[in-house]
Amino acid sequence: MLAAIAAILIAFSIGSNDTSNSFGISIGCGMLTFRRAVLLLGIFVTLGALTQRSVMETVGGLAELDGVLLSVSLLVSALMIILSNWKKLPVSSHQAIIGSLVGAGLAAGSAKLGVLTSIVLSWLISPVSSLIFAVLLYSLMERTLSRLPVFVIERILSLLLLVSGAVIAYNTGANELATALGPIVSAGLMSPNEAAIVGSLALIMGAVLLSGRVVETVGKGITSLDAFSGFAAQMAAGISVLTFTNLGMPVSTTYCIIGGIAGVGMLKGVSSVRLSLIKKILASWVITPISAFTICFAIGRLLTL
């Protein structure tokens with residue numbers, strides 16, 4: 001029962017934090033209302049959760065935990081993500097979840113550090129690849145799309161932003177949600193399809209009730225985005241996450257979308273990027289996994305004495 005509650009809570013917390021990754025830029029550009037963004041998010045998150053299994057299998061094999069340690073790990077992760085959301089910081093749910101699972105796994109002597117090494121390398125490479133994709137895509141668009149009449153550009157960008165947002169939403173189900181539900185499925189507490197449906201519903205509830213605060217930070221806080229640069233950043237992140245998802249690596253959509261935004265901001269001039277906010281977000285990315293690891297390791301040691 002506690003494990004089921006933990007699974008629902010962490011999916012809810014992902015929805016409260018990660019809606020910004022899919023449609024925060026579109027909302028920030030004024031291209032999409034919040035209500036329509038949540039509807040599209042629900043459709044594509046559910047599709048991603050039902051059709052991808054590789055990330056779920058990778059995270060499920062990270063550590064062998066009993067029901068108590070598994071529930072503690074996911075509850076700690078969810079609370080940390082919700083706390084970050086309350087502070088308006090787009091923290092990576094992956095870091096909180098992986099940090100918690102590894103902390104509890106080390107305490108129980110079951111953590112697989114080889115898998116952890118691959119995951120951490122993916123965390124380092126994925127935002128950089130997103131930044132590079134964003135620079136290349138933005139440069140290409142400047143040489144082609146920007147030469148069209150203004151009204152044609154606006155119509156094309158409206159469609160492209162919806163496509164890139166849908167790709168990110170699909171990745172949220174296939175990668176973000178799969179990371180949270182993988183340990184539950186691996187422990188035999190839910191079937192993959194049951195976990196995907198329950199998790200998607202909880203995620204949508206989190207998006208409706210709490211995601212507005214982080215949407216504001218991603219859509220408007222890092223740099224001023226128009227539809228042109230917003231699409232380049234969002235599509236670059238979508239390509240990067242989809243690539244790592246197919247490799248079975250649980251990379252952060254939050255990492256990649258912010259990498260894409262920073263890449264576009266650098267092309268527009270470093271002065272347009274709010275470096276102080278990026279530093280604050282990076283600090284949160286370091287503090288979150290270390291805190292999650294420490295808390296779960298301490299609790300795990302107490303429970304296994």
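Biologist: Among contacts between residues at least 6 apart in sequence, what share joins residues at least 24 apart?
Modeller: It is 87% in this protein. Keep in mind that the model is predicted.

Biologist: OK. How many helices and how many strands are there?
Modeller: There are 12 helices and zero strands. From the N terminus on, the order is α-α-α-α-α-α-α-α-α-α-α-α.

Biologist: And how much of the protein is buried?
Modeller: Buried residues account for 56% of the 305 residues.

Biologist: Switching topic. Which residues does UniProt annotate as "transmembrane region"?
Modeller: The unreviewed UniProt entry gives that label to 25–50, 62–83, 120–140, 152–170, 195–215, 251–270 and 282–303.

Biologist: Take residues 152–170. How far apart are the end C-alpha atoms, and what percentage is helix?
Modeller: The ends are 27 Å apart. That span is 100% helix and 0% strand.

Biologist: What about residues 62–83?
Modeller: There the end C-alpha atoms are 25 Å apart.

Biologist: Now packing. At what angle do α7 and α10 pack?
Modeller: About 30°, with the axes 9 Å apart. Helix α7 covers residues 150–186. An angle under 35 degrees counts as roughly parallel, so α7 is roughly parallel to α10.

Biologist: Is that crossing left-handed or right-handed?
Modeller: Left-handed.

Biologist: Which residues make the contact?
Modeller: On α7, they include L157, L160, L161, S164 and G165. On α10, F228, F231, Q234, M235 and L242 are among them.

Biologist: How does that contact of α7 with α10 divide into nonpolar, polar and charged?
Modeller: It has 14 nonpolar residues, eight polar and no charged.

Biologist: Next pair. How do α10 and α11 pack?
Modeller: Their angle is about 140°, and the axes are 8 Å apart. Helix α10 is residues 227–246, and helix α11 is residues 253–267.

Biologist: Why is α10 called oblique to α11?
Modeller: Because of that angle of about 140°. Roughly antiparallel would need an angle over 145.

Biologist: What about the handedness of the α10 and α11 crossing?
Modeller: That crossing is right-handed.

Biologist: Which residues meet there?
Modeller: From α10, S229, A232, A233, Q234, A237, S240 and V241. They meet T253, C256, I257, G260, I261 and V264 of α11.

Biologist: How many charged residues are in the contact of α10 with α11?
Modeller: None are charged. Eight are nonpolar and five are polar.

Terms used:
Residues are numbered from 1 along each chain as its sequence is written. This is a predicted model: local features need pLDDT of at least 70, side-chain atom pairs count only at pLDDT 80 or more; totals for chains, interfaces and linings use all residues. Side-chain values use heavy atoms; hydrogens and water are left out. Axes are lines fitted to C-alpha atoms, for helices over the stretch in contact, and angles run from 0 to 180 degrees between N-to-C directions. Helices (H or I, at least four residues) and strands (E, at least two) are DSSP runs, numbered from the N terminus. Angles under 35 degrees count as roughly parallel, over 145 as roughly antiparallel, 65 to 115 as roughly perpendicular and the rest as oblique. A crossing is left-handed if the near helix is turned anticlockwise from the far one by less than a right angle, and right-handed if clockwise. Contact means heavy atoms within 4.5 Å. Ala, Val, Leu, Ile, Met, Phe, Trp, Tyr, Cys and Pro count as nonpolar, Asp, Glu, Lys and Arg as charged, and the others, Gly among them, as polar. UniProt positions are given in the numbering used here, feature names are shortened, and annotations may be inferred rather than shown by experiment. Buried means under 20% relative accessible area, exposed over 50%, partly exposed in between (1.4 Å probe, protein chains only).
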